[in-house]
Amino acid sequence: VGLPETLARARKEFGACFGHLPEKSIGLVSVATFLLGRRRALGKMNFSVENFEKKLKELNMSQQSIQTLSQWVVHNRKHAKSIIEAWHKEIVVAKENRKLILIYLANDIVQNSKRKGVEYAAEFAPYLAEAFENVCKYCDASVEKAANHVLDIWEKRGIYTEKQVASFRSRSFTPPFTPPMPPEKKARIAEEAFEFEFDDFDDDIGGERERGNRLERR
């Protein structure tokens, strides 16, 4: 089997965990060594919710830490529902300084999975409004700004639609999101305000007339 075929098989078998190998500079022995090492590594990556929860606890803000766990998640895509439920549970109970790390992890997962043809975005969507609400409720303005920037990126890159991003923001950011008022309701409020002011004006005029009548009687 030639080197291109070997590389093709490796990429097919290992997917996101395989990475890039320069086809012209690597020998078959190196490929074999790489594959054996990767197979041993994957053998330690058998999925369980408990294992993923442990990895979440160990996650830190470094790019390497986030990307490594993101690749692990993408590799275990058949467990997407369990993974996202565990992620959501963790972001609710996490301390303030860890909530943004979990948002960054979700960002890396949804973007990487889209590039690799594995869609996590749809799986995450039902949980994101509550997740961002939790982050903004318990964290300071700098964290809120960073979380909001993630949503900007998702909308700009087409990870989620404008409508979806608005729904994720709707329960979260200050000033609070207020949906546009229907024109008929706006007109009704304006009419009620006018009637209220007119009634007050009538009361004022009536009071002045009564005071004037009393003075004339004197």
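Trainee: Which residue forms a salt bridge with E85?

Mentor: The model is predicted: local features need pLDDT of at least 70, side-chain atom pairs count only at pLDDT 80 or more, and totals for chains, interfaces and linings use all residues. Residues are numbered from 1 along each chain as its sequence is written, and side-chain values use heavy atoms, leaving out hydrogens and water. A salt bridge is a side-chain nitrogen of Lys or Arg within 4 Å of a carboxyl oxygen of Asp or Glu. With closest N and O atoms 3.1 Å apart, the partner of E85 is K81.

Trainee: In which helix do E85 and K81 both lie?

Mentor: Helices (H or I, at least four residues) and strands (E, at least two) are DSSP runs, numbered from the N terminus. E85 and K81 are four residues apart, about one turn of the helix. An α-helix has 3.6 residues a turn, so residues three or four places apart point the same way. The helix that holds both E85 and K81 is α5.

Trainee: Is K81 buried or exposed?

Mentor: Buried means under 20% relative accessible area, exposed over 50%, and partly exposed in between (1.4 Å probe, protein chains only). E85 has 34% and is partly exposed. K81, at 54% relative accessibility, counts as exposed.

Trainee: How many residues apart in sequence are the parts that K57 and E90 tie together?

Mentor: K57 and E90 form a salt bridge, with the closest N and O atoms 3.2 Å apart. K57 lies in helix α3 (residues 49-58) and E90 in helix α5 (residues 80-93), so the pair ties together parts whose separation in sequence, in residues, is 33.

Trainee: Which of that pair counts as buried?

Mentor: K57 has a relative accessible area of 53% and is exposed. At 9% relative accessibility, the residue that counts as buried is E90.

Trainee: Which residues of helix α9 are buried, and on which helices do they pack?

Mentor: In α9 (residues 162-169), the buried residues are V165, F168 and R169. They lie on the same side of α9 because they cover an arc of only 100 degrees around the axis, taken from the directions from the helix axis to the C-beta atoms. Contact means heavy atoms within 4.5 Å. The helices they pack against are α7 (121-138) and α8 (141-156).

Trainee: Which residues are linked with R169 in a network of salt bridges?

Mentor: R169 and D152 meet through their side chains in a salt bridge of 2.4 Å, N to O. R169 lies in α9 and D152 in α8, so the pair ties together parts 17 residues apart in sequence. R169 counts as buried at 19%, whereas D152 counts as partly exposed at 37%. The residues linked with R169 in the network are D152 and E155.
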